[in-house]
Amino acid sequence: MNRSQIKHTTTTMLIRCIDIIIALSLLILSAPIIAIFSLIQKLRLRAAFERIELLDQQQQLLIVYRLAGDNIFSRLPELLQVVSGKLNLLGSPQRFSFESGTVVTLKPGFISFDDAHQKMGLNFQCQQQALIDAHSSALSYLLALARITIITALGSQSNLPQSDTFELFGARINNVSMDDMLTQVMSAATDNTHVSRYAFVNADCMNIAFDNDTYRSSLETCKQVFADGLGMRLAAKQAGISLKDNVNGTDMFPLLCQQMAEQGLAIFLLGGRAGIAEQTAQNMQQQFPNLKVAGTHHGYLADKQLNQSVIDKINQSGAAVLLVAMGAPMQELWLQKHQSELQVGVAMGVGGLFDFYSNRIKRAPMWVRQMGMEWICRLLAEPKRMWRRYIIGNPLFLYRVNRYLKQQGAGKAAQTPPSQRALSTQELAHRLASQDLAYQKAVLTRVTHKLALRLNIVAKRIVDVVVASIALLLLSPLFMLVFTLIRIESPGAVFFSQQRAGKHNLPFKMWKFRSMYTDAQQRLQKLQAQNEMQGGVTFKMKQDPRITRVGRFIRKASIDELPQLWNVLKGDMSLVGPRPALLSEVEQYSQHQRRRLNIKPGITCIWQVSGRSDIPFDKQVQLDIDYIYQQSLTADISLLLKTIPAVLTARGAY
């Protein structure tokens with residue numbers, strides 16, 4: 001036996017041990033479920049197990065048993081076949097006895113990459129190589145099992161409906177498979193009398209569409225818009241829809257080139273830096289020698305004459321398909337603007353696709369893409385350019401999706417008219433049962449929400465006390481220095497106290513380092529006409545003559561707010577919350593603005609880390625109200641961390 005055979009045998013034995021250990025562990029954990037289900041079935045005088053006929057890798061009949069019925073536990077008894085060695089834990093897709101003809105090299109598995117690809121919308125990817133790689137070593141096998149566990153948690157549910165379209169942020173998203181998408185594109189490519197525009201959207205694109213009406217309207221004028229990436233799959237899942245495929249431009253490109261080469265159609269590549277489109281074309285022609293590239297050009301077309309000459313070049317090239325890689329939203333806006341001038345059958349924006357196929361940026365390996373985590377590789381490859389898109393953009397997208405779907409659900413419920421048709425006794429009973437179940441779920445949701453809210457309040461208070469105590473101790477030398485400087489510059493008290501509106505508008509005494517002359521309040525009336533704060537409720541003035549020189553510095557550095565740590569320790573304030581307003585300001589609040597009084601005021605909040613005094617008052621209020629509805633311990637910690645650079649840069653502080 002040579003070294004290669006010894007290695008293969010050792011790997012096979014190790015994988016077999018892994019299968020036995022994991023399968024036995026799962027069987028022990030699931031034994032109570034199987035026993036209870038079997039007992040219930042016996043009491044109902046029904047069979048507890050079903051006999052299933054499969055084919056093994058040698059086309060031989062393989063008998064497995066499952067729990068009767070179709071439920072999430074039905075396949076648990078198959079783990080016995082894993083222990084006995086008839087099934088792999090991870091293997092080829094299971095084939096029923098009537099599906100003979102397909103040749104496979106590995107045993108059927110309890111799970112397979114076929115299941116994983118279906119959940120992550122990668123049905124167009126060949127699973128055979130991934131399966132071979134997984135069985136190449138014990139470590140690869142364990143990592144593959146871990147990947148599939150993650151995929152199972154994140155992927156689409158197969159029992160969800162596959163609606164042809166769904167709406168998100170006002171944009172219509174089409175739910176198609178990669179094969180159907182390519183069929184549509186190839187059909188439209190032959191008609192250059194009318195340009196068919198297509199677009200791909202991921203979480204970042206939808207964040208742009210959320211804020212950019214022009215971009216959103218350009219998506220609405222596309223023939224079809226395709227969902228790309230894990231974020232869109234999670235959004236569709238939250239909307240109760242299962243996406244057929246992860247239809248993205250990067251995976252589509254070689255498939256499209258292959259079909260265009262076979263049909264003799266030409267393609268034009270527009271976008272990227274100088275030389276990127278040309279290199280992409282060369283690489284694809286090496287892979288598909290019959291591919292016709294009608295032309296290429298970089299994507300920097302700010303000059304009007306150059307822009308027009310590129311359009312003329314595209315029209316004269318005879319291209320059937322135009323791919324534009326300028327990034328969202330620029331590529332969609334450019335295509336919408338020039339759609340009537342273009343003489344191609346298909347035009348679509350493809351983002352950073354050329355960077356991958358020109359080899360400027362290495363694409364994530366398949367095992368990363370299987371988990372929908374390709375964005376992590378993009379972040380690692382270009383952290384400076386991509387950190388905001390992924391670190392901030394991804395959580396923001398999921399939050400916006402959740403809020404949007406809740407608003408849509410509430411709107412639909414309010415618009416649904418009562419049924420006018422008569423109900424049968426059975427229908428009425430079914431509806432009442434459904435309503436009762438819905439009521440129970442609603443009660444459980446409310447109880448869970450209240451419990452989570454109470455726990456958050458307790459945790460928030462603990463963090464407030466601990467952080468405020470430590471901060472007061474550590475900052476005591478700074479307090480002494482500021483105390484001395486204030487006393488040297490102007491007479492009067494070092495600390496300034498003022499009645500502010502607390503939770504539910506209950507007044508409390510808020511402390512600050514004095515940053516103004518002692519007669520500042522008397523001089524305020526004369527300065528009201530020079531108020532620079534939009535909205536007129538609060539008073540702010542960049543060159544306020546009432547502020548001392550020391551006061552100007554401690555305000556700029558936000559040191560004047562530090563004594564409020566004492567208010568936090570007392571419980572009048574929190575570290576994070578809406579800024580405490582003057583009682584006179586609250587008198588001018590509208591009913592909507594009074595909602596910021598529903599929680600304790602804080603030292604910092606969303607608008608303090610987003611521009612501070614540069615933000616108009618109405619926007620400040622809205623940001624505070626947004627915080628009230630999304631507050632959590634993690635959100636508080638995030639805002640506290642963001643406060644540090646906001647204070648250091650002093651943006652909007654005066």
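**A covered strand and its core**

Q: In this predicted model, which residues of β12 lie on the one side and which on the other, and are they buried or exposed?
A: Both faces of β12 are covered, and the burial of the strand extends to five of its five residues. One side carries V321, L323 and A325, while the other carries L322 and V324, and the residues on both sides are all buried.

Q: Which strands pair with β12, and in what sense?
A: β10 and β12 are joined over five bridges in the parallel sense, and within this pairing G271 has A325 as its bridge partner. β12 also pairs with β13 over four bridges, with L322 partnered by A347, and the sense of this pairing between β12 and β13 is again parallel.

Q: What is the handedness of the β-α-β unit that β12 and β13 make with helix α13?
A: The helix of this unit, α13, spans residues 330-338. Together with β12 and β13, α13 makes a unit that is right-handed.

Q: Which element gives the largest share of the largest nonpolar core?
A: This core has 39 residues, and those with the most contacts inside it are M181, L256, L323 and M348. Elements giving two or more residues to the core include β12 (321-325), β13 (346-349) and α6 (178-189). The largest share, seven residues, comes from α6.

Methods
Residues numbered from 1 in each chain as written. Predicted model: local features only at pLDDT ≥ 70, side-chain atom pairs only at ≥ 80, totals over all residues. Heavy atoms only, no water. Core = buried A, V, L, I, M, F, W, Y, C linked by side-chain atoms within 4.5 Å. Buried < 20%, exposed > 50% of the residue type's maximum accessible area, 1.4 Å probe, protein only. Pairing = 2+ DSSP bridges. Right-handed = clockwise from strand over helix to strand, strands pointing away.
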